[in-house]
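Please open the model in your viewer and keep the selection panel at hand. The tour below goes from one selection to the next and says what is there at each stop.

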Amino acid sequence: MKKIENHTIKLNQWKGIQITSKALKQILYLTKKNNNQGIRINIKKSGCAGFRYTMELAKNQKIEEIKIIYEKISIFIPIKITNIINGTKIDFIKEGLNKTFKFENPKITQYCGCGESFSTY
């Protein structure tokens with residue numbers, strides 16, 4: 001077991017979060033530009049399938065979060081969603097004029113028709 005910011009995570013169960021080089025480059029750009037320490041990843045109820053990811057710039061850790069250092073950025077994740085987000089890969093996609101972060105999670109069992117919300121098992 002490993003202690004992470006006053007919270008214990010079983011290493012044999014924690015696969016972590018993967019961030020592609022394109023996503024990492026964009027996150028580093030945004031954090032430096034806006035003078036932030038890292039990003040906060042969360043999920044919230046949304047859409048017809050149930051949930052959607054949220055990601056925002058963050059200056060510090062909240063009490064109910066764990067802090068993970070990935071390369072040069074801090075990632076803050078609420079303890080209550082660590083099981084859901086475990087094993088997620090974050091990518092940054094450019095399609096024409098559109099740019100977006102894409103979350104790939106092996107636990108997702110269903111997406112809504114527009115692809116904005118998901119449900120897990």
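A salt bridge, as the term is used here, is a side-chain nitrogen of Lys or Arg within 4 Å of a carboxyl oxygen of Asp or Glu. With that in mind, note that this is a predicted model and that the structure holds two salt bridges.

Select Arg 40 and Glu 56 to begin with, and you will find a salt bridge whose closest N and O atoms are 3.4 Å apart. This pair links distant parts of the chain, since Arg 40 lies in strand 4 and Glu 56 in strand 5 (residues 50–58), 16 residues apart. Arg 40 is buried, with a relative accessible area of 9%, whereas Glu 56, at 43% relative accessibility, counts as partly exposed.

Through shared partners, the salt bridges join Arg 40, Glu 56 and Glu 65 into one network.

Next, select Ile 19, Ile 41, Ile 75, Ile 77 and Ile 90, which have the most contacts inside the largest nonpolar core, a set of 21 residues. At least two residues of this core come from each of several elements, including helix 1 (21–33), strand 4 (38–46) and strand 9 (98–104), and helix 1 supplies the largest share, four residues.

Finally, select Lys 22, Lys 25, Lys 94 and Lys 99, which form a positive surface patch. Lys 94 belongs to strand 8 (residues 89–95) and, at 58% relative accessibility, counts as exposed.

Definitions and conventions
Residues are numbered from 1 along each chain as its sequence is written. This is a predicted model: local features need pLDDT of at least 70, side-chain atom pairs count only at pLDDT 80 or more; totals for chains, interfaces and linings use all residues. Side-chain values use heavy atoms; hydrogens and water are left out. Patches are made of residues with over 30% relative accessible area and no salt bridge: like charges are joined within 9 Å, nonpolar side chains (Val, Leu, Ile, Met, Phe, Trp, Tyr) within 5 Å. Accessible areas come from the Shrake-Rupley method with a 1.4 Å probe; for residues, only the protein chains shown count as cover. Lys and Arg count as positive and Asp and Glu as negative; His and the chain ends are not counted. The place of a charge is taken as NZ of Lys, CZ of Arg, CG of Asp or CD of Glu. Buried means under 20% relative accessible area, exposed over 50%, partly exposed in between (1.4 Å probe, protein chains only). A nonpolar core is a set of buried Ala, Val, Leu, Ile, Met, Phe, Trp, Tyr and Cys residues joined through side-chain atoms within 4.5 Å.
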